[in-house]
Each structure stands twice: as C-alpha cells, then as structure tokens.
Amino acid sequence: MPDPIYLDYNATTPVDPLVLEALLPFLQTHYGNASSAHVYGRRAHEAIEQARTQMGALIGATSSEIVFTGCATEANNLAILGVARALREKRRHVVTSTIEHPAVQQPCKRLEADGWTVTRVRVDDTGRVDPDDVARALRDDTALVSIMHANNEIGTLQDIAAIARLAHARGALMHTDAAQSVGKIAVSVDALGVDLLTIAGHKFYAPKGIGALYVRTGTSIAPALTGADHERGLRPGTENVAGIVALGAAAQLARTRLPAVTARMQASRDALHRMLADSIEGLTLNGHAQHRLPNTLNVSFPGVDGRALLHRAEAVVAASVGSACHAESEEVSGVLAALGIPYDRARGAVRLSTGWPTTEADVARAAQALVQASR
C-alpha cells in the first residue's frame with residue numbers, strides 16, 4: 001500500500017531536494033570546522049556567513065542579527081532567559097500568553113522559580129490576544145513580552161506589531177516565536193517591530209536540528225550557555241555547518257517562491273475544509289477564520305474522538321490532534337481549553353496542515369477517508 005497522505009506539515013516538513021543538494025557537500029567534501037584557519041575552515045566559515053545573509057534576507061534583517069541555534073526551542077530559551085539574565089538587576093517581569101508553545105512556557109516557569117513575575121494574557125475564542133490586555137499587563141519593571149506570531153495548533157496569527165509598540169512604550173523588549181510563520185507567510189522584523197524572533201528550519205523544508213534567533217542590534221541579551229565565543233558569544237559550540245547551509249538554502253528558496261507557497265497551501269486547506277464541511281454536519285472550525293496561517297485547518301468532528309478518528313483513517317491520512325510535542329497525551333489540547341472550547345468539541349478536534357507538496361488529489365483522497373472515519 002502507498003504511504004498515507006501527509007497532512008502534518010506544522011509538525012515538520014520534508015527536506016526540499018534543492019536544500020538537500022546544498023547541504024550534502026558540507027557533510028563529505030567541505031567538512032572543515034568553521035573556526036579553523038586553514039582552507040577547510042575558511043570554506044565552512046564562508047558558507048555559514050552566506051547562510052546568515054540568506055536567512056536575514058528572508059525576514060528583513062541584517063546578517064549580523066542572525067544567531068544560529070540547534071532548534072527553535074533553543075532559540076526561545078536564549079531569547080527569554082538571555083534577556084532575563086541581561087536585565088535582571090533592573091526588571092523582573094515578563095508578559096506572555098496562555099497559548100504559547102512549551103518552549104516558551106517552560107523558560108517562563110523557570111523564571112518564576114527564580115523569583116520573577118510572569119503575567120499570562122488570555123486569548124479570545126478565536127485564539128487572539130487583545131493588545132489592550134497586554135497594555136494592562138505591562139509594568140514599569142517588565143523586561144520582555146513574548147507572544148507567538150502564529151499558533152502551532154490552530155494557526156491563529158497575532159497582532160504582533162501592535163503589541164510590540166505597547167511593549168516598547170513601557171521600555172520592554174518584544175520577542176515572538178515565529179517558528180510556524182517563517183516560510184509560510186511574509187515575515188518582516190521591522191514590520192512586526194520585534195527585538196527578537198525565533199525561527200525553526202524544519203518547519204520550512206530544512207532539516208531538523210537547526211534554527212535561528214533574530215536579535216535586533218543593540219538588544220540587551222546575555223548567553224544562556226557558556227563556552228567558546230561562537231555566534232557573537234550567544235551560542236557556544238562548534239557550528240552545525242551542513243544544517244546552517246541547509247537553513248540558508250531553505251530561506252533562499254522560501255524567499256523566491258513564498259507567494260506561490262502561500263497561495264498553494266491556502267487553496268489546499270480551503271478545498272479540504274469545503275469537502276469536509278459539505279459531508280459532515282456540525283463540523284466546527286477552531287481558531288480565527290481569517291487571521292491564521294494559510295495551511296492550517298483545525299476542525300472539530302461532532303460526536304467523534306479526534307484521536308480515534310485519525311487511528312481509523314491512518315492508512316490514508318497522517319495528521320495529528322494537536323502539537324507534535326503532545327502527541328502521546330490523552331488530554332484535550334490546552335490551546336483549545338484556553339479558547340474556552342467545551343470538552344466534547346475539543347475532544348473531537350483534529351489539526352490538518354497542508355504543505356507545498358500537497359496536491360488536489362491528496363486533498364480529495366484525504367477528505368474522503370476522514371469523512372468515512374467520522375461515521
């Protein structure tokens with residue numbers, strides 16, 4: 001039997017052939033340590049700097065503002081704990097939201113254990129943060145506001161630009177976890193007004209194990225780890241040259257084809273939604289109908305357990321009930337609970353996320369399988 005249709009692109013993406021082509025030489029031929037002074041090291045160093053330029057170009061940043069990390073989780077930890085370490089003598093308060101990824105939630109909990117105050121702003125029933133709630137949460141000692149750009153489960157987009165203006169007006173820094181949005185929609189650090197922005201390579205066709213943190217020039221931040229003086233002293237450790245080259249190639253590819261990617265994923269998502277809604281009475285969309293990622297469809301199937309539904313359809317469809325980080329949990333999504341969605345509806349929720357490779361035939365076959373599994 002053929003492999004099932006993959007509709008879990010928010011969990012991870014395949015490595016694009018052009019990205020693979022770019023990275024392979026740096027595993028076998030150009031294998032030098034970028035810190036070495038000889039020709040092998042110089043080649044690695046030059047490749048890293050090219051990737052830094054490519055990554056910066058995708059989000060409107062300068063190359064010197066890109067810090068490569070092992071993943072988005074590391075980037076989030078560096079942003080939150082790094083700012084806290086730099087400003088701890090002056091400010092001891094952080095503002096975040098109730099629907100953040102664990103990679104933001106857990107560093108904030110660590111700060112609380114160290115005596116910091118963390119305010120978690122609620123979201124409305126579509127998953128959006130009201131900037132006015134952030135304004136009310138801000139204090140004179142607020143060091144950082146960390147609100148995700150796009151939610152990984154429901155795809156809802158936040159008004160980061162408005163929130164950043166409020167944070168800056170009170171002297172706080174602004175961080176956004178953009179792991180789900182970079183590579184799917186146009187992202188500009190200047191348009192968003194952020195000081196720090198998290199990137200995950202494997203969400204836009206680079207390999208797993210490579211990410212980046214945008215750090216605006218002049219931002220107060222200290223390293224969370226100690227060691228050698230790599231990545232402006234913010235991320236010690238020998239660079240993953242092949243992964244960094246791959247991230248740069250993926251960024252270059254995304255910049256080239258972004259409008260087409262956005263349009264194609266949205267067409268697939270909307271077609272899938274129509275097919276399901278036409279056949280399943282009472283199917284309910286979770287998240288914002290307009291302000292969401294173009295590829296993300298989180299829907300609740302009435303009278304059905306979402307996990308059981310996907311199990312019945314697994315020969316044809318590979319999808320999830322929520323974040324891949326909670327794939328084994330039997331509890332309903334904490335994100336949906338934060339939206340105030342009733343238990344029975346949350347229990348029937350499934351996250352379907354399309355990608356660049358998703359075809360019309362994939363959508364039609366997947367929809368048919370999900371409809372059959374729901375009965």
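Student: Which residues are buried in α4?
Tutor: In α4, the buried residues are A72, E74, A75, N76, L78, A79, I80, L81, G82, V83, A84 and L87. Buried means under 20% relative accessible area, with exposed over 50% and partly exposed in between (1.4 Å probe, protein chains only). Helices (H or I, at least four residues) and strands (E, at least two) are DSSP runs, numbered from the N terminus.

Student: What kind of model is this, and how are residues numbered?
Tutor: The model is predicted, with local features needing pLDDT of at least 70 and side-chain atom pairs counting only at pLDDT 80 or more, while totals for chains, interfaces and linings use all residues. Residues are numbered from 1 along each chain as its sequence is written, and side-chain values use heavy atoms, leaving out hydrogens and water.

Student: How many residues of α4 are buried?
Tutor: Twelve of its 16 residues are buried, so α4 is mostly covered.

Student: What do those buried residues pack against?
Tutor: They pack against α5 and the strands β2 (66-69), β5 (142-146), β6 (173-177), β7 (196-200) and β8 (211-215). Contact here means heavy atoms within 4.5 Å.

Student: What span does α4 reach?
Tutor: From first C-alpha to last, α4 reaches 22 Å, close to the 22 Å expected at 1.5 Å a residue. The expected span is 1.5 Å times one less than the number of residues.

Student: How do α4 and α5 cross?
Tutor: The axes of α4 (residues 72-87) and α5 (residues 102-113) come within 9 Å and cross at roughly 30 degrees. Axes are lines fitted to C-alpha atoms, for helices over the stretch in contact, and angles run from 0 to 180 degrees between N-to-C directions. The two helices are therefore roughly parallel, a label for angles under 35 degrees. Their crossing is right-handed, that is, the near helix is turned clockwise from the far one by less than a right angle.

Student: Which residues meet there?
Tutor: T73, N76, N77, I80, L81 and A84 in α4 meet A103, V104, P107, C108, R110 and L111 in α5. This contact has eight nonpolar, three polar and one charged residues. Ala, Val, Leu, Ile, Met, Phe, Trp, Tyr, Cys and Pro count as nonpolar, Asp, Glu, Lys and Arg as charged, and the others, Gly among them, as polar.

Student: Changing topic, what of α3 and α9?
Tutor: The axes of α3 (residues 39-59) and α9 (residues 241-279) come within 8 Å and cross at roughly 35 degrees. That crossing is left-handed.

Key:
Parallel < 35°, antiparallel > 145°, perpendicular 65-115°, else oblique.
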